[in-house]
Amino acid sequence: MEFWKHAYNLNWISAEILRRVVKTDINPSGEITQEQYADITGITFEGV
């Protein structure tokens, strides 16, 4: 998670791009949880 947090804070990636690495039923190999997404972005993850 630290890499993604760092990348987001440095504006290397957007919240929309970060959504692509969240673990979901559709993306079980994601790298961060929905809670971690919210911690990083301050935005509640809304699944598809």
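This is a predicted model: local features need pLDDT of at least 70, side-chain atom pairs count only at pLDDT 80 or more; totals for chains, interfaces and linings use all residues.
Visitor: How many helices and strands does the chain have?

Guide: Helices (H or I, at least four residues) and strands (E, at least two) are DSSP runs, numbered from the N terminus. Reading along the sequence gives the pattern α-α-α. The count is three helices and zero strands.

Visitor: What does the C-alpha trace span along its principal axes?

Guide: The chain has 48 residues. Along the principal axes, its C-alpha trace spans about 30 × 20 × 15 Å.

Visitor: What share of the chain's residues count as buried?

Guide: Buried means under 20% relative accessible area, exposed means over 50%, and partly exposed is in between (1.4 Å probe, protein chains only). Of the 48 residues, the buried share is 29%.

Visitor: And how much of the accessible surface belongs to carbon and sulfur atoms?

Guide: Accessible areas come from the Shrake-Rupley method with a 1.4 Å probe, and for residues only the protein chains shown count as cover. The chain's accessible surface comes to about 3500 Å². The part belonging to carbon and sulfur atoms is 50%.

Visitor: Which residues does isoleucine 13 contact, leaving aside neighbours within four places in sequence?

Guide: Contact means heavy atoms within 4.5 Å. Isoleucine 13 is one of the residues in the largest nonpolar core. Leaving aside neighbours within four places in sequence, its contacts are Trp4, Ala7, Tyr8 and Leu18.

Visitor: Is threonine 41 buried or exposed?

Guide: You'll find threonine 41 in helix H3, residues 34-41. Its relative accessible area is 13%, so threonine 41 is buried.

Visitor: Which backbone nitrogen does the side chain of threonine 41 reach?

Guide: This is about polar contacts: pairs of N or O atoms within 3.5 Å, where within protein one must be able to donate a hydrogen and the other to accept it, and residues adjacent in sequence count only if both atoms are side-chain atoms. The side chain of threonine 41 reaches the backbone oxygen of tyrosine 37 at 2.9 Å. At 3.0 Å, that side chain also reaches the backbone nitrogen of isoleucine 43.

Visitor: Which residues form the nonpolar patch on the surface?

Guide: Patches are made of residues with over 30% relative accessible area and no salt bridge, with like charges joined within 9 Å and nonpolar side chains (Val, Leu, Ile, Met, Phe, Trp, Tyr) within 5 Å. A salt bridge is a side-chain nitrogen of Lys or Arg within 4 Å of a carboxyl oxygen of Asp or Glu. With about 370 Å² of accessible area together, the patch is made up of Phe3, Leu10 and Trp12.

Visitor: Why does tryptophan 12 count as exposed?

Guide: Tryptophan 12 sits in the loop between helix H1 (2-9) and helix H2 (15-19). It counts as exposed because its relative accessibility is 57%.

Visitor: What is phi of asparagine 11 near?

Guide: Asparagine 11 is in the loop between H1 and H2. At 67% relative accessibility, asparagine 11 counts as exposed. Its phi is a positive value in a residue other than glycine, near 60°.

Visitor: Last one: how far apart in space are threonine 24 and glycine 47?

Guide: Threonine 24 lies in the loop between H2 and H3, and it is in contact with Gln34 and Phe45, leaving aside neighbours within four places in sequence. Threonine 24 and glycine 47 are 23 residues apart in sequence. In space, C-alpha to C-alpha, they are apart by 7.7 Å.

Key
Residues are numbered from 1 along each chain as its sequence is written. Side-chain values use heavy atoms; hydrogens and water are left out. A nonpolar core is a set of buried Ala, Val, Leu, Ile, Met, Phe, Trp, Tyr and Cys residues joined through side-chain atoms within 4.5 Å.
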